[in-house]
Amino acid sequence: MSEQLTITRHEPPPDIPVELMNREETLNYIRDRYQARNAIDAELIHGLAHFAELTPPQRPGIDLGDGAAEELALELNLSPNTTAKQLHQAHTMVTRLPATVDALRTGRIDYMRAKAVHDYTTDLDDDQAAEVEKRVLDGGQCENLTKFKHALNREVIRADPVGAEERRRLAKARRDVSKWTKPDGTSSLNITLQPHEAEQAYAQIELIAKQTKKCRADVFMDLVMGKKIDRPPVTVNVVVPMTTLMGLNQEPGEISGVGPITAEYARELARHATWRRIITDPTGQVLEVSNRRFASPALKRHIQLRDRTCRQPGCTTPAQRCETDHTTTYATGGTTSADNLTMFCKRHNLMRQRTNWDLVQPKPGTLVIRTPSNRTVTTTPDPYEVPPF
């Protein structure tokens with residue numbers, strides 16, 4: 001399930017030069033052209049797939065006929081390796097994921113989402129891929145690509161829990177640190193970690209950087225070199241259905257703000273964690289969060305777990321790195337309560353103060369946003385998955 005986002009739709013743009021359009025007409029123009037590009041991308045995928053079929057392999061051990069990629073590369077001024085990947089991907093999508101290509105053609109998803117469906121289902125068999133494709137497309141395009149990928153990952157875990165766990169364990173074994181020097185005279189470290197490790201490390205660095213007024217790179221070096229630092233506590237929220245913890249099913253868990261994880265990974269994290277009860281309604285919306293084991297709710301934690309990320313549509317900053325914001329300001333009589341608080345990252349909290357974006361919260365967690373172009377957006381938090389019983 002994904003965050004519910006409703007945007008008011010307007011008439012198609014007028015048939016005039018874009019330079020003569022007003023703000024709303026220009027937004028409509030961009031939206032229509034973006035959807036038109038999606039349709040062209042779908043046509044291109046069909047064309048690439050058909051070209052691959054017209055050049056079938058003539059010897060065993062290959063998926064594409066000799067010379068096909070090279071011939072296409074000449075036409076597109078691309079490398080044969082690039083065109084070979086495009087031909088293979090297009091053929092796979094048309095034959096294995098036809099509903100995805102159709103959703104791209106009709107503008108229900110864009111190319112990046114279509115490619116994500118292809119990439120995330122690569123390790124599944126045809127039946128599993130079709131199951132994931134249907135469930136994800138039935139859920140809509142989601143408000144941004146990150147949340148669409150979270151939905152994909154969740155359904156992949158559901159369709160193939162054993163395979164998903166095996167792939168996770170193999171990836172865990174490949175964790176590493178790599179270094180390269182950049183042309184601007186600096187160097188970069190790429191550190192591959194498990195999701196909860198990366199979330200803990202980044203949260204720790206971020207908190208120390210704010211306290212010490214240092215840049216995150218300096219904080220990282222201080223920690224690596226063993227410099228004595230007052231380390232503030234950090235929390236990573238992992239949400240797991242009780243039935244999963246009890247081993248009754250393989251329903252995925254979730255690291256808040258990061259995405260779905262396998263049932264076994266969730267159980268591993270739970271073994272050495274502090275447990276907090278979260279009560280949701282039948283649709284998965286958070287009703288109550290305890291602030292310690294089976295105790296009364298703590299308001300800030302409640303809002304963080306309810307909202308999960310910054311509530312600006314499209315933003316994926318985890319709620320743990322956001323600010324608690326009053327919908328109706330405290331100075332004008334707004335209360336500090338669940339029906340008047342929401343999580344916004346610093347950038348979008350400041351944006352609200354500096355611009356004429358309007359926001360109301362008619363019921364806890366439901367935001368009605370009016371943009372400067374007078375478009376109304378109604379959004380509710382991502383519901384937590386309601387486990388089957």
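Is Leu-193 buried, partly exposed or exposed? Leu-193 is partly exposed, because its relative accessible area is 38% (buried means under 20%, exposed over 50% and partly exposed in between, with a 1.4 Å probe and protein chains only). The model is predicted, and local features need pLDDT of at least 70, side-chain atom pairs count only at pLDDT 80 or more, and totals for chains, interfaces and linings use all residues. Residues are numbered from 1 along each chain as its sequence is written, and side-chain values use heavy atoms, with hydrogens and water left out.

Leu-193 is placed in the loop between strand S3 (187-191) and helix H9 (195-212); helices (H or I, at least four residues) and strands (E, at least two) are DSSP runs numbered from the N terminus. Together with Val-177, Leu-189 and Ile-191, Leu-193 makes a nonpolar surface patch of about 330 Å². Patches consist of residues with over 30% relative accessible area and no salt bridge, like charges being joined within 9 Å and nonpolar side chains (Val, Leu, Ile, Met, Phe, Trp, Tyr) within 5 Å. A salt bridge is a side-chain nitrogen of Lys or Arg within 4 Å of a carboxyl oxygen of Asp or Glu, and accessible areas come from the Shrake-Rupley method with a 1.4 Å probe, only the protein chains shown counting as cover for residues.

In helix H10 (residues 216-224), the residues Val-219, Asp-222 and Leu-223 are buried. Viewed down the H10 axis, the buried residues fall within an arc of 95 degrees and therefore line one face of the helix; the arc is that of the directions from the helix axis to the C-beta atoms. These buried residues of H10 pack against H9.

The largest nonpolar core has 30 residues, of which Ile-45, Leu-87, Leu-104, Ile-109, Val-132, Phe-148 and Leu-152 touch the most other members. Such a core is a set of buried Ala, Val, Leu, Ile, Met, Phe, Trp, Tyr and Cys residues joined through side-chain atoms within 4.5 Å. A second, separate core of 13 residues includes Cys-322, Leu-341, Ile-369 and Val-377.

Thr-92 lies in helix H3 (residues 80-96) and counts as buried because its relative accessibility is 16%. His-118, in helix H5 (residues 111-120), is buried as well, with a relative accessible area of 11%. Beyond neighbours within four places in sequence, Thr-92 is in contact (heavy atoms within 4.5 Å) with Leu-97 and His-118. On that basis His-118 touches Gln-89, Thr-92, Met-93 and Leu-97.
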